[in-house]
Amino acid sequence: MSLSRAFDIFVSLLVMVFFAGYFNIHADLIGLQESPVPVGKEVEEFWEWLTWAVFGILGLDLYLKYRKTSNPKEFVRKHWLDILMLALLPLFAGFKIAKIAVKAIKGAKLTKSGFKAYLGAKKLQKVGRGKK
């Protein structure tokens, strides 16, 4: 088995393990109530680092494949799936950012509702004082 073939198999296995772990940790993204395999905070933090390691390895893989190919059009035609996977990986990291943003928006809406309730109660208090 050639070294490039072994590297391709390694990258494929790494990506499969990464996505399985990612969807386990973020099970709510695929509609599950809880993770199939419970994990701790340490594993979640490790997975954040692993995301960028996988991104780097995919980038290295594409670079090596590009160096083998002399024609850029042929490279894109032959390795379009690899390019797409590399382009979409930061999107998965963005899901976590989007999840945090949604929580922040919900918190802001809750704060806004609380402030409106406070102002409404203050108005009612003023109206109640005016009738005496």
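Leu 88 counts as partly exposed because its relative accessibility is 37%, a value between the cut-offs for buried (under 20% relative accessible area) and exposed (over 50%), with a 1.4 Å probe and protein chains only. Leu 88 sits in helix H4; helices here are DSSP runs of H or I with at least four residues, strands are runs of E with at least two, and both are numbered from the N terminus. The structure is a predicted model, in which local features need pLDDT of at least 70, side-chain atom pairs count only at pLDDT 80 or more, and totals for chains, interfaces and linings use all residues. Residues are numbered from 1 along each chain as its sequence is written, and side-chain values use heavy atoms, leaving out hydrogens and water.

What does the secondary structure of the protein chain come to? There are 4 helices and 0 strands, giving the pattern α-α-α-α along the sequence. Of the chain's 132 residues, 20% count as buried.

Among contacts in the protein chain with a separation of 6 or more, 63% join residues 24 or more positions apart.

The accessible surface of the protein chain amounts to about 10,200 Å², computed by the Shrake-Rupley method with a 1.4 Å probe, where for residues only the protein chains shown count as cover. Carbon and sulfur atoms hold 68% of this surface.

Technical notes
Contact means heavy atoms within 4.5 Å.
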